[in-house]
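Please look at the protein shown here before reading on.

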Amino acid sequence: MKAAVIKERGAIPVIQDFPEPQEKEGAVLIDVDTAGLGGWDVLGAYRLGVEYPCVIRGEGVGRTLDGTRVYFGERSVLPFGAWAERTLVPQEEVWEVPDHIDDRTAITMGIAATGALIPLEEAKIQPGETVLILGATGTLGQIALQLAKYLGAGKVVAAARHEESLFRLKERGIADDIVCLNGDEKDEAALKDAAGEGFDVVLDLVCGQPMLNALKATRWGARIMTIGTGAGRQINLDMALLLFRSLSVIGTGQRAPDDRRRIWERLLKIAEEQDISVDYLEYDFDKASEAWETQVSGPHAKIYSAIK
């Protein structure tokens, strides 16, 4: 079969022939229709313990051998993955897709939307509160802006480094205000200006200095929910900044498959009811290398490919 294959640590995937997966007890063979690509696919591809060659894992939508249309997350049995004509996925990770849900929505409401909904709900947003999404231009950030409003926020502010993408968020009407982060001493003042009397909730996708700057723009009682570390894993935190505030670090992918499935099914309904949308970038399957390089550079959109 044709697949996007990573030959060694650090290598860019290339399309080549790859052995087809065979039936295995407790797993499901899936003919892939659409594959998604996200940041975790890049990070996970080069982590310790990965054996090469392997297929880009990814999320996807496809059909089982009996024709049932299903979604599967980036948990294909190694060395297989979504960026191939066929993959093998543990039974508990294979979830039936409703007929009226398109492939892109089924994929986007998986890992990214789950990563947004869980921490926002744990923050217990109160009606009218001001919410900051820090690192807002990616897929998860775009969804988080819309879910924060759905959960009752009165004002949502998007902060990130890519000015053009920030303006697009405001043009689309999913951000009430934007803050372009330049990585200098002006960022703190810009965040405080957008916060008004202070942010009540911060969904932090990046950590590092941007999180510390955002923390200084919060009010008493604020909840800071950190779910990513792209701007730095280590911070020099003055604990006095956390007085009358709370900081939580949340992982969203470690839940049991049944729990994640229920969240995904709920998100499909929310996406339909609230018309949740994100920007997409489509790549031809044979352009998987280009798709990968775009993901590495930060696409500010959800990358996907029609495999068949």
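What follows describes a predicted model.

## Overall fold

The secondary structure consists of nine helices and 16 strands. The radius of gyration is 20 Å, close to the 19 Å that the globule rule gives for 308 residues, so the protein is as compact as a globular protein of that length. The C-alpha trace spans about 60 × 40 × 35 Å along its principal axes.

Of the 308 residues, 52% are buried. Among contacts between residues at least 6 apart in sequence, 65% join residues at least 24 apart.

## Surface and charge

The accessible surface of the protein is about 14300 Å², and carbon and sulfur atoms account for 47% of this area. There are 34 positive and 48 negative side chains, and the centres of these two sets lie 3 Å apart.

## Aromatic rings

The structure has seven aromatic pairs. In one of them, the rings of Tyr-71 and Trp-264 have centres 5.1 Å apart and planes at 20°, which is under 30 degrees, so the pair counts as stacked. Tyr-71 lies in strand β6 (residues 69-72) and Trp-264 in helix α8 (residues 257-274), so the pair links parts of the chain 193 residues apart.

Trp-264 also pairs with Trp-95: the ring centres are 5.5 Å apart and the planes are at 45°, so this pair is tilted. Trp-95 belongs to strand β8 (residues 94-96), 169 residues from Trp-264. Tyr-71, Trp-95 and Trp-264 form one aromatic cluster.

Are these residues buried or exposed? Tyr-71 is buried. Trp-95 counts as buried because its relative accessibility is 4%, and Trp-264 counts as buried at 1%.

Conventions. Residues are numbered from 1 along each chain as its sequence is written. This is a predicted model: local features need pLDDT of at least 70, side-chain atom pairs count only at pLDDT 80 or more; totals for chains, interfaces and linings use all residues. Side-chain values use heavy atoms; hydrogens and water are left out. Helices (H or I, at least four residues) and strands (E, at least two) are DSSP runs, numbered from the N terminus. The radius of gyration is taken over C-alpha atoms; the globule rule is 2.2 Å times the number of residues to the power 0.38. Buried means under 20% relative accessible area, exposed over 50%, partly exposed in between (1.4 Å probe, protein chains only). Contact means heavy atoms within 4.5 Å. Accessible areas come from the Shrake-Rupley method with a 1.4 Å probe; for residues, only the protein chains shown count as cover. Lys and Arg count as positive and Asp and Glu as negative; His and the chain ends are not counted. The place of a charge is taken as NZ of Lys, CZ of Arg, CG of Asp or CD of Glu. Rings of Phe, Tyr and Trp (its six-membered ring) pair if their centres lie within 6.5 Å; planes under 30 degrees apart count as stacked, over 60 as edge-to-face and the rest as tilted.
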